[in-house]
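Me: I would like a close look at a single part of this model, taken slowly and with the terms spelled out.

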Amino acid sequence: MVVGELIQERDLIVIGGGPGGYSAAIRAAQLGLDVTLVEKEHLGGVCLNEGCIPSKVFTHSTSTLADTRKVSQFGIQTGEVTFHFHQMHAWRDQVVTGLRKGVEALCKAHKIDVIYGEASFLSDDRIGVEHGHQFDTYRFKQVILATGSTYEAPIWAKPDHKCILDTTSVFKLETVPEHLIVSGNDYIALEAAFGYRELGAKVTVVLEADNFGFDASIDKELLRVMKKQKIAVVKKAKVTSIENAGDEVLLNYESVKGREELTASHVFVSSVPRPRIQDLGLDRAGVEVNDEGYIEVSDRAQTNVPSIYAVGDITPGPLLAIKALKQGKVAAENAGGSHSVFDLHFIPKVAHTNPPVASVGLTEAEAKEQGYSVKVSEFASGGNGFASITGSKDGKTKIVVDETNDVLLGFHAIGKGAVELISNGVTALEMAARDEDLSYPYYPHPSLNENWLEAVEGLTGKAIHAPPARQMAKSGK
């Protein structure tokens, strides 16, 4: 290793080039700061190169396959529909490469100095960057940490077994599993279960809980759809071990019936996320972490050291790219002299299943637990004209409202278009809207947007396309 002789001066250094890091770097450059971005591998981070984008190529491909199989009802004859993994993987690589080059071009256009290497603190105002055989030292005025997270398999999993899949490898198979066991209830588990079932695999989902963490009404509809698609679900099952069984794997678990087992060709295991901070040398900079290993930050994304900010998966809260993007921009704006804050209350949670699921705000149960007197309304997708046109009638939309003042508390949906439509809910919650704010505007017809109108009008028993007996408005505390 060659150690650089000079200490290089920098105004702002961003460590990590994922969604939080490159967003912070670009926003800071937009504000006129000289920015240096240090990235260990590829710009875009895990999200673009291994996680969010590649997995959504898979879910979009399998959902499109499902839609294609139904086009005969529209008068379209296609012949036999087949699926080729190698073509999907080639498309994934093309998408990832194109987006990565786009981020690289944006950084270049904003005159961001990108350094590929591993960074760590030497003190509270210096970092060292190792790249190849070179080690350089930089003195900074401010730094933004955006190093993301890693995933740790449960103690009972054996990741060296070729048939045990993690959040990355599950979407890289070259053939359809004969039988896929999905252990977990997060969005990745759901997306893998729905996608491989569409490809023809036998799929069994093993849940330690008895739900998927959405609103109870949405969970109920999700389970109904899974049953319809012949996805088996085992609830309240605690996995104890996975064993080799020749070319297969044996999963052992404990349920209310006692000790049980399942044999499958492949097992996907939801992993535990861990903040990637172990090699940063935070103690040398005086940056504090909480008991779970996350860096605590203010609503300005500032750590206990005023010149050091932290964003994304290394901070408390949901490990989502949209959180990192927002925090990255907030940190950059504060580093540039503005006063900017973030709030984690209204982050939407989505699963790109078929049909997709999206949720934001409080569920009915959460609202009641927090002491609200609530009123809720549900509208089934089957009553929507555009859902009938497209042959996508599975699903429902639910709204949760504070009964005392009609302020909206939560939006929850399962069905075609749910991921795109949830933005209406996010905006309404951020604006502290009331039900009348949603019932007053015009909605395109026919469109899936009308689900929101029907649900909100159902709060007062006025939904036009729901029979009186199915008006789902109810209240309670």
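In which sense do strand 12 and strand 13 pair, and over how many bridges?

Reply: This is a predicted model, in which local features need pLDDT of at least 70 and side-chain atom pairs count only at pLDDT 80 or more, while totals for chains, interfaces and linings use all residues. Residues are numbered from 1 along each chain as its sequence is written, and side-chain values use heavy atoms, with hydrogens and water left out.

Strand 12 and strand 13 (residues 248-255) pair in the antiparallel sense, over 7 bridges; strands are DSSP runs of E, at least two residues long, and helices are runs of H or I of at least four, each numbered from the N terminus, and two strands pair if DSSP finds at least two bridges between them. Lys238, for example, has Glu254 of strand 13 as its bridge partner. These strands belong to an open sheet of 3 strands, ordered 12-13-14, with antiparallel pairing. Its edges are strand 12 (238-245) and strand 14 (258-264), each of which pairs on one side only. From one strand to the next, the twist averages 20 degrees, with axes fitted as lines to C-alpha atoms and angles running from 0 to 180 degrees between N-to-C directions.
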